[in-house]
Amino acid sequence: MSAHVVPRRIYFTVFTLLMVLTFATVQASNLDLGRWALVVALVIACVKATMVMLWFMHVKYSSRLIPLGLVGGFVWLMLLLGIVFSDYLSRGWVPYPGK
Amino acid sequence: MWSDLPLWPDQASTSAAQVDALYLFLIGLTIFLTALICGLVTFFAVRYRRRGPGDPVPEAIEGNTRLEILWTVIPFCIVMGLFVWSAALYVHLSRPPDGAMQVNVVGKRWMWKLQHLNGRREINELHVPAGSAVELTLTSEDVIHSFYVPAFRVKADVVPGRYTSMWFRATRPGTYHLFCAEYCGTKHSGMGGSVIVMEPAAFQAWLGGDTGESLVEAGTRLFGELGCATCHVDAAADSPSRGPKLAGLWGSEVTLHGGGTVTADEAYVRESILDPTAKITEGYPGVMPTFRGLMNEEQMLQLIAYVKSRGVAESAPPARKEAAQ
Amino acid sequence: MTPTSATSHQGEPHAHQFVDAAQQAHAATLGMWAFLITEILFFGGLLTAYAVYRWMYPEAWADASSELDLGLGAFNTAVLIGSSLTMALAVHGAQTGSRREQISMLLMTILLGGVFLGVKVVEYSQKFEHHLVPGAHFRFPGAEAPHAELFFGMYFGLTGLHAAHMIVGLGLLLWLLAGALRGRWTPDYATPVENVGLYWHFVDIVWIFLFPLLYLVHRH
Amino acid sequence: MNRPHAEPALDYITAQYGVRSWLLTRDHKRIALLYLASVTAMFVLGGLFAVLIRLELLTPAGDLMQAETYNKVFTMHGIMMVFFFLIPGIPAVLGNFLVPLMVGAKDLAFPRLNLLSWYLYTIAGAFTLYAIVVGGVDTGWTFYTPYSTSWSTSNVIPVAFGIFIAGFSSILTGLNFIVTIHTMRAPGLTWFRLPLFIWAQYATSIIIMLGTPVLAITIVMLGLERGLHIGIFDPALGGDPVLFQHFFWFYSHPAVYIMILPAMGVMSELISTFSRKPVFGYPFVACSSLAIALLGFFVWGHHMFTSSQSVYAGLVFSILSFLVAIPSAVKVFNWTATLYKGSIRFDTPMLYAFGFIGLFTIGGLTGLFLACTGLDIHVHDTYFIVAHFHYIMVGGTIMAYLGGLHFWWPKITGKLYPEGWGRLSALIVFAGFNLTFFPQFVVGYLGMPRRYHAYPPEFQVLNVMSSAGASILGVGYLIPLVYFIWSMRYGRDAAANPWGATGLEWQTTSPPPTENFETVPVVTTHAYDYHAQAARERAAAAGGAGGGGGAA
């Protein structure tokens, strides 16, 4: 129908970048980054996911409702994660008996 | 005749009166607002009732922003006040005072096993003296239970694999209900008993009446029987030992292998016995075997009592449990 | 979401409840996205459990993760990204009306999806042989065994759920292929291809997160 | 029905005959009726379990049934009522029927998914009933671990699987509503012209979409843990049983709003129609639905104040719980203000609406008791909680559901219910409800824990009062069940718009034709324009034509 036709060239470019990032994330895991290793891995994964969504899934060309809903979904997941962790992380804060 | 229809629970602890005060305030608020809403609804319904099919269509009133703001802001202020009040109470209830008398509680389907510091055991009954603070350390051998004494207005879930705590200061001698409040299976409603508050002198007499092995003594015995002493030796400061020293350990900040620190508390000691490699003290090899399955929760509490008895870290706040012993 | 009846005055086919085909396409796309948002939360629940236990037992996570075959994992990641590319090209074929492109790209996507699952089968059977499947036969050296078991529970939960989505996706692709062979997908009616594409890319995205979270925990 | 032609068109009920035409229908109105039948059956079943509970609690000793049986009975009561009646109740019955009508569409966006949703619900119900027949389940509807995963010997997995499937049924309904409301509104029907019932359904659908998947995955974890023992919730393997509570309440607290928000939507329609005034502060009522839906997600930890979660997390959950009370209060104030200078009628739906306001006010205010951390410690897991949520669920949701059913009954069936009986039963329900649940507040504060098969004798008088009230409440529910069925055959025919209401659903015939409207309606006014409605009525009376057509 009225869907936006994305040129093939863009698909191939995105694919190449995704492969490069996959290689990069494997390489990064071999470095000793300490606690930053997880952050680097997740940032790369987020970039890759965003690229898939924007071009492969045409979010870049869709109505604004869809990115809004998507961001909402991810924010909700972050809130689930964040609030659950707010419990776990603060459990140790209370002066425990005998401390 | 009212003895058949109680409307108010016994007030038998210092916090009971505080909880009841908040409760009474809320009842007042509820009555006031319910009466206001229901009164207005009734008044409008009668005053503006439709008298017949020929009644004109009333003028449309779309709303009033000032009113909306008013009835958003006023409830907001009320609930924030309630938050502060109840939060203060909550923090008070969750922080045992220094020097509280210690009792260990283990929940097991469907009974409560309690042990005083001097070793005196009880099942489904808890004797406490009036007037002094009592702190319970609770854990479970199977599912989640909840230790609930309505007359004291206190409750704490009892979670397997973890220690929870609660405290109260009983005020009036008497016998009060002890319930399990978290559903735990078939005989959940039978998992109860009583809390018996006694005059301090009577309590001392009761406590001393049947002393077996005290908690620390039992812990010391276990420490030897399980062979812990072969590695955890308190030799001279510089001589090597395979396990961390226990003297002065309790309450100290332990530096861990791989960075980070942990406070030596019940949870840490328990974890170190069950999962020794989970948190390895800096400078020691992670060679300790697990003791999972080799002891029950009561013995674990005895071992913890022993570790506590080996001395509190100098940096820690003044110990309070030694006083009770 | 296929047109069942009613050819309206405008001429383009659409189901009776819609005013026109544009409304139908809009509704179908929105519906698919809404479904994918529920999927975020579905996987998200398990990922939250994963995060909690990874935070509690970092050492066990590092030890257990190194038992996974990084080579196979990375290979599968590349395969799945490739299948996303071919899927996107299949959608391109539907939108431009090229049946050839549709058929060849759908076949490629199915093939790559099959390769991914095949590799998964190899990995799973290795885990069985090495006693790394949680349960009575679980064996893991060292005192971290119980927590490593938790890791493998998460591993099988997450990858199993992902594989189940892949299998559903393969079924949908076969259905698309059958339609493409009969020439059902045209620029006027590409929504089914687009929607299955969205689903397939979503499954790819899930894997993009699972790969570093499961295979690259602590490797240096 | 052999009259040849002349009649304009057949309605959706008479359009087709035969079992097949019902079981394979894609008409949202017929699916609503299928849901009505199955939801009512589940309600009756859940009610029977409630009868058994109240009979057992007449005496302090557990003498009517074994403790094990009692535990299964209250578990099944909870599961039936929560997952198979309250959650699907208003959305799947009234929502299914009304959403397309109110937005001026011919059907929902995905009629086949809608039918699938009913089948999933039915399959889920069948699983659960199967589990009851082969021995029941005794974990409580909350399935707390590790009891449900490692200790209970009852049929946890079949029931949990049933709930898992019911979750997908609910997701499909929510998805359908969201897409329909976004894409299929009639020309001129802007967001702020939508009826508040639609706003409520929209907010509910958002909760369903964001919350239900987490329940589904939680059940998957529960099943994996119980079946394969992978350790997620088992402390022996390092799992945390309290994590289950986080997951469970992440869905199940918002689920409370899945139950109450649609009821609030019904309330707005009832109050407005029977006082012939637009809902006071429409944008505030509409946005408060969204505020409740979104804020309601972040208060789940108030179910866990005593669970050993951290004190700080408890305080955060407490303050958020207080905040979510405000939009609910705003709604109540606005409904009350709507009555001001209205033209108020006391038909059965309005009596239920009055009942709702009173009971919901009490239910909501007692919710404040529970948000108070320090006080919740005492009342948590006692009958105080039981009383509180029954005031919301039964006093709120069921009152609104019954009110809505009476209100739209003429539209759904084309028949009028007997008004006298209707008013009588509304009063009986109100009285019976209060006698049942008010004593539970008292006995809860006295310290009686919930899920107790036997209890200390001093609680008996209050429990007897509660059981007595339950019998009255039961009668109150039976009367409408009888006269609704009776009216389908013997009731007087209903006009297109018997209440003089403004919604688009009243602009078509009663019952509506299969495609809802003969011509696509065009909307030019806001949702509650009673002057325009009066003008239409005058025009219809003058022209003598049928009441159909657009709201021009």
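**Exercise 1.** How many residues does the contact take from chain D, and how many from chain A?

*Solution.* Keep in mind that this is a predicted model. Start with the count: chain D puts in 12 residues and chain A puts in 11 residues. Next, see where chain D's share comes from. On the side that touches chain A, the elements giving two or more residues are α7 (196–228), α8 (241–275) and α10 (311–339) of chain D. Of the elements on that side, α10(D) gives the most, with 4 residues. Finally, sort that side of chain D by class: you get 8 nonpolar, 4 polar and no charged residues.

**Exercise 2.** Describe the overall build of chain D.

*Solution.* First, the secondary structure: chain D has 16 helices and 0 strands. Now check the radius of gyration. It's 23 Å, close to the 24 Å from the globule rule for 552 residues, so chain D is as compact as a globular protein of that length. Along the principal axes, its C-alpha trace spans about 75 × 50 × 45 Å. Then look inside: 68% of the 552 residues of chain D count as buried. And take the contacts in chain D with a separation of 6 or more: 85% of them join residues 24 or more positions apart.

**Exercise 3.** Why does N434(D) count as partly exposed?

*Solution.* Find the residue first: N434(D) sits in helix α14 (residues 419–446) of chain D. Then count neighbours: N434(D) has 19 C-beta neighbours inside 10 Å. A residue needs 20 or more to be buried, and 12 or fewer to be exposed, so N434(D) counts as partly exposed.

Key. Residues numbered from 1 in each chain as written. Chains lettered and ligands numbered in written order. Predicted model: local features only at pLDDT ≥ 70, side-chain atom pairs only at ≥ 80, totals over all residues. Contact = placed C-beta atoms within 7 Å. Nonpolar A, V, L, I, M, F, W, Y, C, P; charged D, E, K, R; others polar. Rg over C-alpha atoms; globule rule 2.2 N^0.38 Å.
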